[in-house]
Amino acid sequence: MNRNKLLTELKQQGIKLSVKNERLIIEAPKGVLTPKLRNSLAEHKLDIIRLLEQTEINTTSVPVIESDSTSRYEPFPLTDIQQAYWIGRSGIFELGDVAISGYIEFETENLDLSRLSAAWQKLIYRHDMLRAVVLPTGEQQILEEVPDYEISTLDLREVQNLEAERVLTAMREKLSHQMLPCDQWPLFDIRATYLDDHRMRLHIKIDLLMMDAASVQILFQEWNQLYQNPEISFKPLEVSFRDYVINKQTRQDPELIKRSHNYWFSRLDTLPPAPKLPLVYFPSELKDYRFKRYRARLEHNIWEQLKQRGKNAGLTPSVILLAAFAEILTVWSKNPRFTINLTVFERLPLHPDIDRIIGDFTNTILLAVDNSTLATFTIRARKIQQQLLQDLDHIHISGVEVLRELVRRRKTGLTAVMPIVFTSLLGLNSVNQRDLELSFLGEEVYSISQTPQVWLDHQVTEQKGALIFNWDVVEELFPLGLMGDMFGAYCDLLKCLATSESAWVEAQQELLPATQTTKRHEVNNTSAPICQQTLHGLFTLQVKTQPQQVAVITNECQLTYEQLYQRASGLARRLQQSGATPNTLVAVVMDKGWEQVVAVLGILMSGAAYLPIDPNLPQQRQWYLLEQGQVKLVVTLPHLESNLSLPPGVQSLCVDDSNAETNPTFAPLNDENNRNLAYVIYTSGSTGLPKGVAIDHRGAVNTIVDINQRFGVGSGDRLLALSALNFDLSVYDIFGILAAGGTIVIPPKDAVKDPACWYELIVKQGVTIWNSVPALMQMLVEYLSAQPFIVPLSLRLALLSGDWLPLSLPEQIHLFCSDIEIVSLGGATEASIWSICYPITAVSPDCPSIPYGKPLTNQQFYVFNELMEPTPLWVTGQLYIGGIGLALGYWKDDEKTNASFITGLQAIGLNPEYEAHTQIEQMATHYIQELQLKPLLP
């Protein structure tokens, strides 16, 4: 990309810009200067004036250099970019040990190889840099004389097709990634393979240490002319690349250099990093890697449409493509603010021959892109163009110098700091006012480029009026299929921008691959009939069918379903008489025991909702929860009541054996409504004041019914209840097992964290279901491992959730319970116990963590970026939960509710059943563990 080309492309639209008395003068054909374009020019007025003034300085005030023929063959310094490439090929740096080079294959018929070779020989004599090498001192030197170059040949005319293909593939592998010794001539390798009597494969490898892409185009244009007309004679070049390098710095304005230095160095501390694309390897881990090319084209008519729409928006063709590239990077990058390494071909007009000589005139620009706010493509592209104009106005120092200072400040060492590159060759064919014609070499069948310390190099050019674009990538760095998905999305976006006006004005684009979208539909399609029962209603059904089944076991007593119902019903009536009503909170301040089960059932049967409060909390925190919950009734234990300090107006009731109803009726004590509030659990408050998560009956019942059906929980099951009442796993401990007709086994309150007691209860009571955070299961298996003799455990199902699950834990569990089913569950307190599950069958040694799983019934999972756009597979984002399990909000806190809960998927342009992170199951959890859990209301 040439800094003057931006103005040139505006001129190609018929717009003439000039500066007079510090005013921007605009001349444009009728109808071209649209309101949009006029506004854009006005917005960028100062930048355009500075660029026009600087262009005038470059074209009028830079003195013409003269050839130093006497020193022509003396060593001279590498440019900054050449030095960077030279050091990069040494292998010292990350993703080094590779030469910047290009490789291309043509298949041709009836090519005159001797004439082609003679034409190339003339180019060697004409262009000094085709005879250049790099000395061990780090200097480059033009060789005065070199041997005649011969194109080597290989004859495969008598070789069978399969063997010929094998040989051609091996040659491609060798030549495409070979590193020619840069201290030995030549720095190119041209070979020809005879396929039959007419067809030939031409292999061309060029080390780009000595020439840039514009030079390659000059080279091929002249090669074509010399091949077509061997008698042609070019005008001799009066200066060399050596003359340019020696004179460039001395001929530039020191004030401009200082201004550019200050511009870049003042921005380095705030310059965003490179796009954070998903990786499967750290770049430093890759020692043997290959670049792969993704290649596509826009045919002439589509390309013209795209340029015209860009012209209407006041954008140059290169900026259109750059902005589209930035859109793709935004979607696949963890950070929407990033920097692209922009290749700039900058030939100062120091001599009329400068545009005809070969050399590496490359400079680079670190282009900052900020797509962190929702905006249309047009707005984002104009913003990029404005930034680019500013950057091009300060290009009087080397981009490598800027990058080195960035590395020094950020102490990044030998890492590739800005490995995402954009290279535009648009407009470089204007030397001959036509496209580069390569047909004289035949049909291109393969091409690739490689650059040290580069992950992805996006190149764009024109051929015969069509847009040709490539992505050369180190594919081993990235998850399988990632680059293909990104490139496919880029192709689709370009076509959409060319054919649809809406693509320019809509703030959100559909850029995800269709396969991912389809899969996410499937995984998030969890709809099933919704149970209309309440939590206590599920319990009541079991009381009717099996009243004498044991419901609760503690060291002190056992309660049947009938006995439990009698006690809960008696408490419910007392609560109603004391003023309990639906959608109000009754606090439970109790130690762990059977009384907690009676309390929560009784509260729900009264129509109210329960609020668990740990009796060991400081009084100040207890009062905060009671006041925040607007609690008027507290259910507690007799031995706690005497020491319980309650706010004024709060009444306490005790649970004991004397409160049971002897002949309770099964008629509901209130209007049963599963949309009523069931419980409020306050978060720990570690990040501030605790928030009360308000869950209704419908959400909690949905999770319980799903888990019980999914894992066959029934009346024969017994569950060891380890979780505290103010932890939402206790909801399943109590209501989950009671809904199935099973038995709750409650350890003594002083043995809740005693694995010896757990083991004794499991064996004695025949416990079949374990439900806890992984750390408690880890305590159990470590205890069992230390025992000399262990009775086989009766556990058949382990539900593990609430924290990181160690990879080794499932295998440890199976040592003591060979037939146990282990399930990893997840979600949030704001989403009715659990929302996602993953049955663990086997743990791959290559897997860094246990997969997160798939959504539970009537629940959905979404992974969005900061702009609430769905993230592609492998891309880190924020995790959102949807479905009927979601909380009603935060109790009596509209501000926090509105900040964390999103009402209405349609408001953000998504179908309610649309986006889930479909392949969470295939995606390593370490990509998910950083994600912020946010509820999403339907």
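Modeller: The discussion below concerns the salt bridges of this predicted model.

Biologist: What is the general idea, and how many salt bridges are counted here?

Modeller: Side chains of opposite charge can pair when their charged atoms come close. In this model the count comes to 35 salt bridges.

Biologist: Which residue forms a salt bridge with Arg201, and which parts does the pair tie together?

Modeller: The partner of Arg201 is Glu107, with the closest N and O atoms 2.8 Å apart. Arg201 belongs to strand β9 (residues 199-207) and Glu107 to strand β4 (residues 101-109), so the pair ties together parts that are 94 residues apart in sequence.

Biologist: Why does Arg201 count as buried?

Modeller: Arg201 counts as buried because its relative accessibility is 9%, and buried means under 20%.

Biologist: Where do Arg290 and Glu173 lie?

Modeller: Arg290 is in the loop between α9 (254-265) and β10 (291-298), whereas Glu173 is in helix α6 (residues 161-176), 117 residues apart. Their salt bridge has its closest N and O atoms 3.7 Å apart. Arg290 is partly exposed at 33% relative accessibility, and Glu173 is partly exposed at 41%.

Biologist: Is Asp591, which meets Lys749 in a salt bridge, buried or exposed?

Modeller: Asp591 counts as buried, at 13% relative accessibility. The N to O distance between Lys749 and Asp591 is 3.2 Å.

How values were computed
Residues numbered from 1 in each chain as written. Predicted model: local features only at pLDDT ≥ 70, side-chain atom pairs only at ≥ 80, totals over all residues. Heavy atoms only, no water. Salt bridge = Lys/Arg side-chain N within 4 Å of Asp/Glu carboxyl O. Helix = DSSP H or I, 4+ residues; strand = E, 2+ residues; numbered from the N terminus. Buried < 20%, exposed > 50% of the residue type's maximum accessible area, 1.4 Å probe, protein only.
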